Amino acid sequence: MSHKPTPYSPNFPPSQGYAPPAEGQKPNESYPMNPQVGYPGPPPSLPPGAQPLPGMQHGFQPGFQPGFQQGYQPGFQHGYAPGYPHPQPGYPAPIVQQPVSAQAPGGWMSIPQGLSNCPPGLEYLSMIDQLLIHQKVELLEAFVGFETNNKYTVKNAIGQKVYYAIEDNDCCTRNCCGPMRPFDMKIMDNYRNEVIHLHRPLACDSCWCPCWLQSMEVSSPPGTVMGSIEQEWSICKPCYVIKNSVGEVVLRIKGPVCTFSICGDVEFNVYSKDGETKVGKITKQWSGLAREAFTDTDYFGITFPMDLDVRIKAVLLGACFLIDFMFFEKTGNHESDRPGML
């Protein structure tokens with residue numbers, strides 16, 4: 001018994017187009033059953049109103065890179081670090097190195113640029129309205145009582161170093177004259193350049209000698225006098241005048257009746273030249289019981305107007321050192337504090 005293949009007989013009426021195909025006739029397909037290898041497919045089309053991405057051209061095929069050769073590394077281009085993609089047109093090149101901070105090394109303040117009519121080295125003072133002065137601890141002086149040259153670090157309000165000051169004196173003068181000694185002081189910047197020079201001559205500070213009172217000359221650059229500090233005769237309070245390069249009074253300083261530093265700050269107020277308006281102050285800050293009792297390392301703070309001439313700011317810095325020697329320097333571990341000028 002032979003078996004013949006059952007012809008296609010759907011359950012739909014042939015009148016509706018559901019008729020079996022004729023024998024030996026292939027269906028009429030409109031698409032290839034076996035597509036060619038490497039057929040790229042149709043190019044992508046953009047929605048209406050959309051713009052092509054940077055670098056994308058008409059007929060661009062995703063996944064196809066023009067100029068691809070053997071050994072070519074996608075994402076690599078000479079001059080760029082590995083792992084960075086090709087720079088696209090209209091986009092900046094990738095940042096390979098991080099920007100360097102503008103702060104000077106060693107905790108120093110960066111020098112301001114673009115200032116005119118300013119002595120070299122005083123540019124730092126144009127951007128600050130406060131200075132902090134820290135005296136360095138000398139172990140030989142603290143334990144033996146042998147007087148050494150004073151050294152100071154001058155900082156701004158945020159703790160960046162601005163200047164470094166050192167006394168220039170001989171051993172005999174330091175230990176024989178004590179806090180009344182004459183001295184020269186060099187104030188240097190970050191590059192060890194002397195930008196300010198202070199000169200204090202030998203003088204008296206008693207009200208019984210009104211013709212031979214304390215003074216200090218401030219030069220910048222060294223050899224060019226730009227101002228001075230002069231003590232005025234007074235019975236109860238220490239008083240000073242700040243003069244410019246031509247000898248005109250610019251500011252006045254008035255101290256307290258009692259200059260003893262006992263668990264508190266001692267303030268020397270800075271006034272305008274008429275003595276009526278307070279414009280700043282020089283403060284001897286309390287540095288702790290151990291420092292105050294066994295060393296002569298002092299902390300000072302100076303405040304002044306931001307727009308004050310940098311030359312007068314430098315003279316105020318010199319006035320701080322003069323006040324330190326007159327009232328807070330020790331001789332044989334005995335502080336030279338005196339109530340007023342008596």
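Is Glu 230 buried, partly exposed or exposed? I looked it up in this predicted model, where local features need pLDDT of at least 70, side-chain atom pairs count only at pLDDT 80 or more, and totals for chains, interfaces and linings use all residues. Residues are numbered from 1 along each chain as its sequence is written, and side-chain values use heavy atoms, with hydrogens and water left out.

**Entry 1. Salt bridges**

I find Glu 230 partly exposed, at a relative accessible area of 30%. The scale is buried under 20% relative accessible area, exposed over 50% and partly exposed in between, with a 1.4 Å probe and protein chains only. Glu 230 forms a salt bridge with Lys 243, and the closest N and O atoms are 3.0 Å apart. I take a salt bridge as a side-chain nitrogen of Lys or Arg within 4 Å of a carboxyl oxygen of Asp or Glu. The pair links strand 7 (residues 225-232), which holds Glu 230, to strand 8 (residues 239-244), which holds Lys 243. Helices (H or I, at least four residues) and strands (E, at least two) are DSSP runs, numbered from the N terminus. Lys 243 counts as buried, at 17% relative accessibility.

I count six salt bridges. Another of them joins Glu 232 and Arg 252, at 3.0 Å from N to O. Glu 232 lies in strand 7 and Arg 252 in strand 9, 20 residues apart. Both ends are partly exposed: Glu 232 at 32%, Arg 252 at 23%.

I also noted Arg 181 with Glu 329, at 3.6 Å from N to O. These two are 148 residues apart, in the loop between helix 2 and strand 4 and in the loop between helix 4 and strand 13 (330-331). Arg 181 and Glu 329 are buried.

**Entry 2. Strand 10**

I followed strand 10 through its neighbours. Four bridges join strand 9 (residues 249-254) to strand 10, and the two run antiparallel; strands pair if DSSP finds at least two bridges between them. Ile 253 has Val 270 as its bridge partner in strand 10. Strand 10 is also antiparallel to strand 11 (residues 278-285), with six bridges. There Phe 268 stands opposite Ile 282. The two strands make a hairpin with five residues between them, and Gly 275 in the turn has a positive phi of about 75°. Six of the seven residues of strand 10 are buried.

**Entry 3. Aromatic pairs**

What is the relative accessible area of Phe 268? I read 1%, so Phe 268 is buried. The structure holds six aromatic pairs. Rings of Phe, Tyr and Trp (its six-membered ring) pair if their centres lie within 6.5 Å; planes under 30 degrees apart count as stacked, over 60 as edge-to-face and the rest as tilted. Phe 268 and Phe 327 are a tilted pair, 5.7 Å centre to centre with 45° between the planes. Phe 268 lies in strand 10 (residues 266-272) and Phe 327 in helix 4 (residues 310-328), so the pair ties together parts 59 residues apart in sequence. Phe 327 and Phe 328 have ring centres 6.4 Å apart and planes at 55°, so this pair is tilted too. Phe 268, Phe 300, Phe 327 and Phe 328 form one aromatic cluster.

**Entry 4. Helix 4**

I checked how enclosed helix 4 is. Of its 19 residues, 18 are buried, so helix 4 is largely enclosed by the rest of the structure.
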